Amino acid sequence: MKRSQREAAMRGSRHLLRLALPAIRSTGPFEGAEILEEVPAELRFPLWRAYRNVVSWALTAPGEHPGLFPPGAADDLRSFLRLGQVPEGVREALRVVCDLLDDPVATDPRRVSAACESMAEWAERQGSAPATALRFMQAAGMCVPNDPRIAYRTGSLARRQAIWDIADLWFRHASTVGRRSRDWEAHATAYLALGNSYYQQGRYATARREHLKALRVGKRHGLREIQGRAYHDLFAVAIEMGDMVNAETYAHRSFQAYGPSHPNIPTLAHDIAYFWNTRGHYLRALPVLQALLPHFVQPQDRIRVLGAIGRAAGCGEQRAVFQAAWTEVGRLAPGLEGASSLPASLLQLTYGAVGMSEWELAEAGAEYARRTALDREEADVVAEAERTIVMIRTRETPATRIGNRMDQALEEQAETLARELVASLEGQIAGVR
């Protein structure tokens, strides 16, 4: 960033984002060419021209808006709206663009931004126009560069498409604008988003740095939910970095920051119980998973928890609980063929059967997991299922059935957390009833 750009940013320029033009990057022969490639034929040129006009207006200083578009610039677009079969959400957005072309001075930037968001959402729903969605979402952010939440949404869309450098730019912009406007929640949320972006790329040390920044902001400004989310994310990063002591500590602190009635508790409980399962602390994980199950009513969600229950119960030698989980998974599985949750859940259940040395049952579960993973082309699950089948056929039992004990203070902390999670989960269900 040049000196003049830094100074503009420090002054709080309305056009801060136009200092960061690498966010607008075309992979085609000219700006916005992807729109012409992705959207239906009848919409291509109207949407492309709308995008180009909005970006041109957003990147022009307000003092230069008079005369930016020639008289009658909106005539062709209005004719198209009268004649064409235009999706309703797109139609309303294009009407706003017509107003912009008629009067680029008086048009409210937030109206134009909202219109661009509508077109981005429409493009994303198509499933075949990801570049178009991102272009219009970036245009929305350029119209109101001092709105950190739109910048955050833009970064999130880029992250979903694994366009990491663009996601990074928009999240950092959201953080900067949030800090300048003293919107501490937006400031910290952008740090969390950055951290999660790095986490998805496997850059765990960098992710940890961003999450710690969010945590500091959350503590400084008393944002309990931000603290809970930051500790939750730090918990996940610690696991990937092999820092199991800190993982336990972060899990406990996340629960404390959220409080027992927070809606994120079921997700946190699931992640903690899964962690305990992988560490061999099955009897600690099992009651948490059993208390978690009533929170999930959709079959594709329930089967994940049932798989984890089966693993904890089988490896913890709770045969009746394992059998109940196996039976319920068997009932749900035929209706979930092709669902993303099925292969991994079957594999979890298989580990429980292995833990009890129920070899025939385990092999049947592993084969089913392998077959469903092949159908979904999930190479990692296929490979894990095949390794498990070899282990089953050679009668190789896990090295340990129950995890090694930790430092006594951490052990007591984990046991306390398990009881608190169960009480919280049961209390939330009771409150709903």
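Residues are numbered from 1 along each chain as its sequence is written, and side-chain values use heavy atoms, with hydrogens and water left out. Since the model is predicted, local features need pLDDT of at least 70 and side-chain atom pairs count only at pLDDT 80 or more, while totals for chains, interfaces and linings use all residues.

Helices first. Here a helix is a DSSP run of H or I with at least four residues (strands are E runs of at least two), numbered from the N terminus. Take α10 (residues 184-200) and α11 (residues 204-220): their axes come within 7 Å and cross at roughly 165°. Axes are lines fitted to C-alpha atoms, for helices over the stretch in contact, with angles from 0 to 180 degrees between N-to-C directions. Contact here means heavy atoms within 4.5 Å, and the α10 side of it includes Trp 184, His 187 and Tyr 191, with Tyr 204, Glu 210 and Val 217 among the partners in α11. By type, the residues of this contact split into 11 nonpolar, five polar and two charged. In that scheme, Ala, Val, Leu, Ile, Met, Phe, Trp, Tyr, Cys and Pro are nonpolar, Asp, Glu, Lys and Arg are charged, and the others, Gly among them, are polar.

On to α12 (residues 224-240) and α13 (residues 244-258), whose axes come within 8 Å and cross at roughly 160°. This pair is roughly antiparallel too, and its crossing is left-handed. Among the α12 residues that meet α13 are Arg 224, Tyr 231, His 232 and Phe 235, and the α13 side includes Met 244, Tyr 250 and Ser 254. The contact counts 11 nonpolar, six polar and four charged residues.

His 232, which sits in α12, has 10% relative accessibility and counts as buried. Buried means under 20% relative accessible area, exposed over 50%, and partly exposed in between (1.4 Å probe, protein chains only). Leaving aside residues up to four places away in sequence, His 232 touches Ser 254, Tyr 258, Thr 267, Leu 268 and Asp 271. Helix α15 (residues 282-292) is mostly covered as well, with eight of its 11 residues buried, including Tyr 282, Arg 284 and Leu 289.

What about the cysteines? A search of the whole structure turns up zero disulfides, a disulfide being a pair of cysteine sulfur atoms within 2.5 Å. For Cys 116, the nearest cysteine sulfur is that of Cys 143, 4.8 Å away. Both are buried: Cys 116 has 0% relative accessibility and Cys 143 has a relative accessible area of 5%. The C-alpha atom of Cys 143 is separated by 8.3 Å from that of Leu 59, 84 residues apart along the chain. Leu 59 lies in the loop between α3 (44-58) and α4 (75-83) and is partly exposed, at 26%.

Most residues other than glycine have a negative phi. Ala 162, however, has a positive phi of about 60°; it sits in the loop between α8 (148-160) and α9 (164-180) and is partly exposed, at 41%. Glu 317 also has a positive phi of about 60°. Its place is the loop between α16 (299-315) and α17 (319-332), where Glu 317 is exposed, at 52%.

Technical notes:
Angles under 35 degrees count as roughly parallel, over 145 as roughly antiparallel, 65 to 115 as roughly perpendicular and the rest as oblique. A crossing is left-handed if the near helix is turned anticlockwise from the far one by less than a right angle, and right-handed if clockwise.
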